[in-house]
Amino acid sequence: MNELPKLPYEYNALEPHIDAKTMEIHHGKHHQAYIDKLNGAVKGTEFENMDVNEFLQKLDSLPDDIKGVVRNNGGGHSNHSFFWEIMGPNAGGEASGAVGDAIKETFGSFDKFKEEFVAAGVGQFGSGWAWLIVDNGKLAITSTPNQDTPVSEGKTPILGVDVWEHAYYLNYQNRRPDYIAAFFNIINWDKVNEIYSSL
Ligand code: MN3
């Protein structure tokens, strides 16, 4: 069975960029709901002890009744587990290390990368995510609707931002661009580098 991962920091640790109430509801209610729905659907089936990321990589091979649940709720579980890890207090600023070098090489400068990443998040119509992915060894920016993940397309996310309204509405209302700009103050580049280096 899948379980809610513990946040690696307190609910108020990302303030003022993300408020404690938003974090509490987002982690404790929204993420928990994805897990509950996923667990409910696979309980007693051969998929009960699934590794969610493994199943997201082979969605097409799953039976139809399981596929939808894994795509939406498994995707939600995977995406949020990842999201909590790549944020942190006392973080943000320009990307450092190998990722910082790769970003400059790929996008020309950190500012250009930021501009494109923000545009991907702002431009994602409705709910979804903006991502920095590694695709065949190269960095790229992409976005997905709903809880779809680049993992299902054989790509590896190293950074992502949740642009569902539940991620920012309490503090930012309809101002998604402000929320994504604030997200840049809490990106844990050490963790992003750790993920990048492990590929
Ligand atoms: Mn969310």
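Reply: Gladly! Let's begin with pockets. On a 1 Å grid over the protein atoms alone, a pocket is an open set of points where a 1.4 Å probe fits, with protein on both sides within 12 Å along at least five of seven lines; lining residues have an atom within 4 Å of a point. This is a predicted model, in which local features need pLDDT of at least 70 and side-chain atom pairs count only at pLDDT 80 or more, while totals for chains, interfaces and linings use all residues. Residues are numbered from 1 along each chain as its sequence is written, and side-chain values use heavy atoms, with hydrogens and water left out.

Me: Which residues lie nearest the centre of the largest pocket?

Reply: They are Asn-53, Ser-78, Phe-82, Val-151 and Pro-157, out of 17 residues in the lining. Two or more lining residues come from each of helix 2 (52–56), helix 3 (64–85) and strand 3 (156–162). Helices (H or I, at least four residues) and strands (E, at least two) are DSSP runs, numbered from the N terminus. Helix 3 gives the largest share, six residues.

Me: What classes of residue make up the lining of the largest pocket?

Reply: Ala, Val, Leu, Ile, Met, Phe, Trp, Tyr, Cys and Pro count as nonpolar, Asp, Glu, Lys and Arg as charged, and the others, Gly among them, as polar. Here the lining has six nonpolar, nine polar and two charged residues.

Me: Which residues coordinate the manganese ion?

Reply: For a metal site, look for donors: N, O and S atoms within 2.8 Å of the metal (3.2 Å for Na, K and Ca); water is not among the atoms, so sites may look incomplete. In this model the manganese ion is held at 1.9 to 2.1 Å by His-26 (NE2), His-80 (NE2), Asp-162 (OD) and His-166 (NE2). Along the chain, these donors follow the spacing H-x53-H-x81-D-x3-H. Distant parts of the chain are linked here: His-26 belongs to helix 1 (residues 20–42) and His-166 to the loop between strand 3 and helix 6, 140 residues apart.

Me: Are His-26 and His-166 buried or exposed?

Reply: Buried means under 20% relative accessible area, exposed over 50%, and partly exposed in between (1.4 Å probe, protein chains only). Both His-26 and His-166 are buried.

Me: Which residues of helix 7 are buried?

Reply: In helix 7 (residues 176–183), they are Arg-176, Tyr-179, Ile-180, Ala-182 and Phe-183. These residues lie on the same side of helix 7 because they cover an arc of only 160° around the axis. That arc is taken from the directions from the helix axis to the C-beta atoms. The buried residues pack against helix 3, helix 5 (110–123), strand 3 and helix 6 (169–172).

Me: What is Asn-73 in contact with?

Reply: Contact means heavy atoms within 4.5 Å. Leaving aside neighbours within four places in sequence, Asn-73 touches Tyr-34, Lys-37 and Leu-38. Asn-73 is found in helix 3 and counts as buried because its relative accessible area is 12%.

Me: Which backbone angles deserve a look?

Reply: Most residues other than glycine have a negative phi, and most peptide bonds are trans. Asn-90 has a positive phi of about 50°, and lies in the loop between helix 3 and helix 4. Asn-90 is exposed, since its relative accessibility is 84%. Asn-146 also has a positive phi, near 55°. Finally, a cis peptide bond joins Glu-15 and Pro-16, with omega about 5°, and Pro-16 lies in the segment before helix 1.
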